[in-house]
Amino acid sequence: MREAHPRERAVGIEHYVSDDDGVGGRLRAEDEHFHVVERERFETNPVDAPTGDYPYLVVRATLRGWDTNDFVRRLSNELGMSRGRVSWAGTKDKRAVSTQLFTLQDVDPDDLPSLSRAALEIVGRAGRALQFGDLLGNEFEIVVSDPDDSTAADRVTTELREFGDGQVAVPNFFGQQRFGSIRPVTHEVGLDIVRGDWEAAVRTYVGNPHPDEREETREARELVDDGAAWADALEAFPGGLRFERSMLHTLVENGGEEPADFREAIETLPENLQRLFVHAAQSYAFNLMLSRRLERGVPFTKPVAGDVVCFADADAPEAFPLPDVDREQRVTERRVDTVSRHCERGRAFVTAPLVGTETELADGEQGEIERDVLSELSLSPSDFDLPGEFHSTGTRRAVLVGTALDVVQEPLTFSFSLPKGSYATVLLREYLKVDPVELG
């Protein structure tokens, strides 16, 4: 089994499925080389529908070189309204051309601004705002720049079809972006929080320099690691690192000596980032569970006794098969063959937990894996009974993701679709076999 890149092993991705050397190259050399189109499940009405019943204007935006959050900030500023009146189903990266829906509360079509690198199309009106549950998945068209051996794509595809029992499939890892592409510490901060060590969480986030950061940033982080006074560290941090500076400012004001001071420093961060810390810790544990399942040779396409499966969302289209995490079943020895047939037909999915307070671990070999990983990380489900945005009840996630894949050689281009929550880079890492930084 081929060992993963060191950056990937740091976030729990320990192996490749395919042994081939891959095509090499890099992604996102240009924004136009990474096209992503969202597919939502969201009902709209004509744009002339009464605004009293349908107060949300629905707009489809095609964005080039825009991070979703940055675009929303700019759009809301141009409209002179709060960001809270703009909603969307999925967040997209900056280095791409992305197409997705937005809902704008109490906005007239004539008020839409003209923004650079953004094409806005009015779709209609809706009675509610978009939310994450409305996202089905994403369609991708991705160009690989400067490949070393584009013919390797066929060999990798053959290996991935073997792994997926006929379908191109890979373990449904959380990609590098979940943890920080350059400085992957988000999960480490989350683990500190879940263990109740607020000071360690702050020091992990604010300190902990990485070789790929700018020298000025590394030196500031080194001050924290060396135990410098908080005021001295604050003075050293570059102005662009506003989250770190916000935390340090809180510590300077409060003294930075009591656990409550460090928790308050963490809570100065945006709520979505607070949640992300714990989500990243859950994702790291999940990645480790999948890596260990792969090491043990336990199948991903069908269950073994003790596995927990989720049945398919009956309303999801075939192109975006989604597990319904509210319909789960523990697989007994007697039911293995029956549930395996459901998995073969796309009616059920083998899962692993994103551990939280309500998580019930699997039995059998998968249960051993889950308990071993949690023991290794000194975690238990009850540890996620945390205050505020850090609390998590947990959920389950499919261990396998598959797709219908089309590959064109000149230029080397991969076209495929994935259900929501799955990462294009997790599929393409198998093809490129490069440093995750080259995957963008």
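Trainee: Is the crossing of H5 and H8 left-handed or right-handed?

Mentor: This is a predicted model, where local features need pLDDT of at least 70, side-chain atom pairs count only at pLDDT 80 or more, and totals for chains, interfaces and linings use all residues. Residues are numbered from 1 along each chain as its sequence is written, and side-chain values use heavy atoms, without hydrogens and water. Helices are DSSP runs (H or I, at least four residues), numbered from the N terminus. A near helix turned anticlockwise from the far one by less than a right angle counts as left-handed, clockwise as right-handed, and the crossing of H5 and H8 is left-handed.

Trainee: Nice! Which residues of H8 make the contact?

Mentor: Contact means heavy atoms within 4.5 Å. From H5 come Val202, Tyr205 and Val206. Their partners on H8 are Phe243, Glu244, Met247, Leu248 and Leu251.

Trainee: Which residues of H6 are buried?

Mentor: Buried means under 20% relative accessible area (1.4 Å probe, protein chains only). Their cover includes helix H5 (198–206), helix H7 (230–236) and helix H8 (242–254). Within H6, residues 215–225, the buried ones are Thr217, Ala220, Arg221 and Val224.

Trainee: Why do those buried residues line one face of H6?

Mentor: An α-helix has 3.6 residues a turn, so residues three or four places apart point the same way. Seen down the axis of H6, the buried residues line one face because their directions, taken from the axis to the C-beta atoms, fall within an arc of 95°.

Trainee: And how many residues of H13 are buried?

Mentor: Helix H13 spans residues 424–432 and is mostly covered. Just after it, Lys433 takes a positive phi of about 55°. The buried count for H13 is 9 of its 9 residues.

Key:
Buried means under 20% relative accessible area, exposed over 50%, partly exposed in between (1.4 Å probe, protein chains only). Helices (H or I, at least four residues) and strands (E, at least two) are DSSP runs, numbered from the N terminus.
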